[in-house]
Amino acid sequence: MRVPVGGRGAGNGRSALYVAAMAAGAAPSLSFGPFLWGPRADLLLFGGSALCSFALVGAARAVGLAPGPLPEWGWLLFVVAVDVAHVWSTLFRTYLDREELGRHKWRYLGVPLACWALGALLYAQGSMVFWRALAYVALFHFIRQQVGWVAVYRARAGQRGVFDRVLDDATVYAATLYPVLHWHSRIATTDFAWFVKGDFVDLGAGAARLLPAAQLVWVGLLGLFVARQVMLAATTRTLHLGKLVVVLTTAAVWWLGIVRTNSDFEFTVTNVIVHGVPYFALLYAYAVARKHERPDILGSRIVAGGVGAFVGLLLLLAFVEELAWDRLIWHDRPWLFDSSGVELSPVWAALLVPLLALPQATHYALDGLLWRRGDTRTRPAQRRALGFSA
């Protein structure tokens, strides 16, 4: 996700109020913001999703579910209903909007075709080549989404200086890549994987030797980031609480799910909830804003039914996708899907596996383009969805 082009940040108004108050001899009280959807919504979506994952880890340990594998109900709730479903929510930004399709038809045709062709080529070199490539693209996508949220908050606050941009980005990368390096140092003893076991490269002792220095960078950048926010709050009387929550919860969730624990259940709940839930909110906010512009498009007609219609469609698509995966590839959930799956030849597997992975691959590819574009038709809805004025 990227910050949209243009727009005046909300922080400029606060700075002017601060200057005026100081000129009058009155020290203004500390304010909090800016927010994307309001303080309650932002703190619930970003802070609340992190607290939910922490609570689930604690509860699972209390009842003996963790450390351990992800139970079937956890797979349904976290993988299907959050992780897979949030991928399909990109439809409301793209394929359910005929005006958007008409303006960028070659992009929306070419990206899936390119993703499938590349996937088939990789799979033909070996299934692990395909899964490894997809795992690293997914990892990059997850990290870049957190960078994108922070960039939006920075733009909303009117922070255009190089120092804050570099510090924000470096802190998010440290918060995520230090745990990832830790993961790569112990692949052989790790009880979870991104997609399939062995999809990340085992760097072993080489990565382990880098961990002390990486940990120092991790601690140092997090400390510098917090100190910078405190300094800005002292000088402008505004604490950028939303941005602070995103960065600190990212660091805490990635550390807990990867470094502190070694459990498929704990990794999954800390990985997908914080990533998927805010994205749901963004796409729903966009679809609602777009409905006011073009109530006739399919996405607008669906979202006119409210949150239930929006979520219901995504859950249905996620379930159908998982049914196809299980019937054609995995064959490991006969309790839910028909156990009489088919066995594919290597040629058919090379064609079908990338096709089944196409929603994810397309989501990864398009997400880096959609949220920074300045299209004259979709830009107002996009800006309103991210808390900017139209």
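Analyst: What follows goes through the confidence of the model, then its helix packing, and then some individual residues and peptide bonds.

The model is predicted, and its confidence is therefore the place to begin. The mean pLDDT of the protein is 90, and 91% of its residues reach 70 or more. Among the elements of the protein, the highest mean pLDDT, 98, belongs to H7, while helix H1, spanning residues 11-23, has the lowest, at 45. Where pLDDT is low, the predicted coordinates should not be read in detail.

Turning to the packing, two packed helices are described by the angle between their axes and the distance between the axes. Helix H7, residues 162-184, packs with helix H8, residues 204-236, at an angle of about 150°, and their axes are 8 Å apart. Because angles over 145 degrees count as roughly antiparallel, H7 and H8 are described as roughly antiparallel to each other. Their crossing is left-handed, and the residues of the contact of H7 with H8 divide into 17 nonpolar, six polar and three charged.

H8 also packs with helix H9, residues 241-260, here at an angle of about 160° and with the axes 11 Å apart. By the reasoning of that angle, H8 and H9 are therefore roughly antiparallel to each other, and H8 passes H9 in a left-handed crossing. On the H8 side the meeting residues are Trp218, Leu222, Phe225, Val226 and Gln229, and on the H9 side they are Lys243, Leu244, Val247, Leu248, Ala251 and Trp255. Sorted by class, the contact of H8 with H9 has nine nonpolar residues, one polar residue and one charged residue.

A further pair is helix H6, residues 127-156, with helix H10, residues 264-293, which pack at an angle of about 55° with their axes 11 Å apart. That angle makes H6 oblique to H10, and the crossing of H6 and H10 is left-handed. His141, Phe142, Gln145, Gln146 and Trp149 of H6 make this contact with Asn271, Val274, His275, Pro278, Tyr279 and Leu282 of H10. By class, the contact of H6 with H10 contains six nonpolar and five polar residues, and no charged residues.

Two alanines in helices can be followed residue by residue. Ala85 is found in helix H3 and counts as buried, because its relative accessibility is 1%, under the 20% limit for that class. Leaving aside neighbours within four places in sequence, Ala85 is in contact with Val80, Phe280, Leu314, Leu315 and Ala318. The C-alpha atoms of Ala85 and Ala318 are separated by 5.0 Å, although these residues are 233 residues apart along the chain. Ala234, in turn, has its place in helix H8 and counts as partly exposed at 49% relative accessibility. Between Ala234 and Tyr95 there are 139 residues of sequence separation and 46 Å in space, C-alpha to C-alpha.

Most residues other than glycine have a negative phi, and most peptide bonds are trans. The peptide bond from Gly33 to Pro34 is cis, with omega near -5°, and Pro34 lies in the loop between strand E1 (31-32) and helix H2 (39-63). Another cis peptide bond joins Ala66 and Pro67, where omega is about 0°, and Pro67 is found in the loop between H2 and helix H3 (72-88).

Arg237 has a positive phi of about 60°, and its position is in the loop between H8 and strand E2 (238-239). With 28% relative accessibility, Arg237 counts as partly exposed. His331 has a phi near 55°, again a positive value in a residue other than glycine, and is placed in the loop between helix H12 (307-330) and helix H13 (346-356). The relative accessible area of His331 is 27%, so this residue is partly exposed.

How values were computed: Residues are numbered from 1 along each chain as its sequence is written. This is a predicted model: local features need pLDDT of at least 70, side-chain atom pairs count only at pLDDT 80 or more; totals for chains, interfaces and linings use all residues. Side-chain values use heavy atoms; hydrogens and water are left out. Axes are lines fitted to C-alpha atoms, for helices over the stretch in contact, and angles run from 0 to 180 degrees between N-to-C directions. Helices (H or I, at least four residues) and strands (E, at least two) are DSSP runs, numbered from the N terminus. Angles under 35 degrees count as roughly parallel, over 145 as roughly antiparallel, 65 to 115 as roughly perpendicular and the rest as oblique. A crossing is left-handed if the near helix is turned anticlockwise from the far one by less than a right angle, and right-handed if clockwise. Ala, Val, Leu, Ile, Met, Phe, Trp, Tyr, Cys and Pro count as nonpolar, Asp, Glu, Lys and Arg as charged, and the others, Gly among them, as polar. Buried means under 20% relative accessible area, exposed over 50%, partly exposed in between (1.4 Å probe, protein chains only). Contact means heavy atoms within 4.5 Å. pLDDT is the predictor's confidence in each residue, from 0 to 100.
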